[in-house]
Amino acid sequence: MKTKVYFSNEQKRYKIGVKTRYLVKKAIKATLRHENFEKNAEISVTFVNNRKIHQLNLEYRGKDRPTDVLSFPMWENGFEGETDIASDAVTLGDIIISAEKAVEQAHEYGHSIFREVCFLAVHSTLHLLGYDHETSAEDEKYMNDTQEEVLSAMGLKRT
């Protein structure tokens, strides 16, 4: 399985360095492995500020506030099998992370910014695969357990 992660940074306040990009890609790949996703995958990760994620929340979810992360899955209920696309990789979707909110939450929860950003990447990857904690208590429990399992395996345990 090959996973291609495309990064863009549309905010200027925080540097999104090599280590952050490396860990986010590692978290995404670990999540896909955990889910036994055996196809080649492509995911886009964009870092934005609170103003931009607030705008996206209002436009796409009707929520008038900034959140930490948004997921835009390519597939309505998660990828379910074969497609007719010519590419050898499945485009799973887009992850939008508020760098500003991630830093705020890392300080609030008392852990590293790396852990917080990786948590958001794992969380969103699960959404791209079809899990939804907002509509299913079972999915919520599974997502919480999986997030901790993946992050712990990466050495990013909750402190």
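**Figure 1. Aromatic pairs in the predicted model.** A search of the whole structure finds two aromatic pairs. Rings of Phe, Tyr and Trp (its six-membered ring) are paired if their centres lie within 6.5 Å, with planes under 30 degrees apart counted as stacked, over 60 as edge-to-face and the rest as tilted. The model is predicted, so local features need pLDDT of at least 70 and side-chain atom pairs count only at pLDDT 80 or more, while totals for chains, interfaces and linings use all residues. Residues are numbered from 1 along each chain as its sequence is written, and side-chain values use heavy atoms, with hydrogens and water left out.

**Figure 2. The edge-to-face pair of Tyr 60 and Phe 72**. The ring centres lie 5.1 Å apart, with 75° between the planes. This pair links distant parts of the chain, twelve residues apart: Tyr 60 belongs to helix α2 (residues 50-61) and Phe 72 to strand β3 (residues 69-73). Helices (H or I, at least four residues) and strands (E, at least two) are DSSP runs, numbered from the N terminus. Phe 72 is partly exposed, with a relative accessible area of 24%; buried means under 20%, exposed over 50% and partly exposed in between (1.4 Å probe, protein chains only).

**Figure 3. The stacked pair of Tyr 131 and Tyr 142**. Here the centre-to-centre distance is 5.0 Å and the planes are 20° apart. Tyr 131 lies in the loop between α4 and α5, and Tyr 142, eleven residues apart from it, in helix α5. Tyr 142 is partly exposed, at a relative accessible area of 30%.

**Figure 4. The crossing of α1 and α5**. The two axes come within 10 Å and cross at roughly 125°; axes are lines fitted to C-alpha atoms, for helices over the stretch in contact, and angles run from 0 to 180 degrees between N-to-C directions. Contact (heavy atoms within 4.5 Å) is made by Ala 27, Ala 30, Thr 31 and His 34 of α1 and by Tyr 142, Thr 146, Glu 149 and Val 150 of α5.

**Figure 5. The largest nonpolar core**. A nonpolar core is a set of buried Ala, Val, Leu, Ile, Met, Phe, Trp, Tyr and Cys residues joined through side-chain atoms within 4.5 Å. Among its 34 residues, Ile 28, Val 45, Phe 47, Leu 92, Ile 95 and Ile 97 touch the most other members. The largest share, eight residues, comes from α4. Beyond its neighbours within four places in sequence, Val 45 is in contact with Val 5, Tyr 6, Phe 7, Ser 8, Val 24, Ile 28, Ile 95 and Ile 97.
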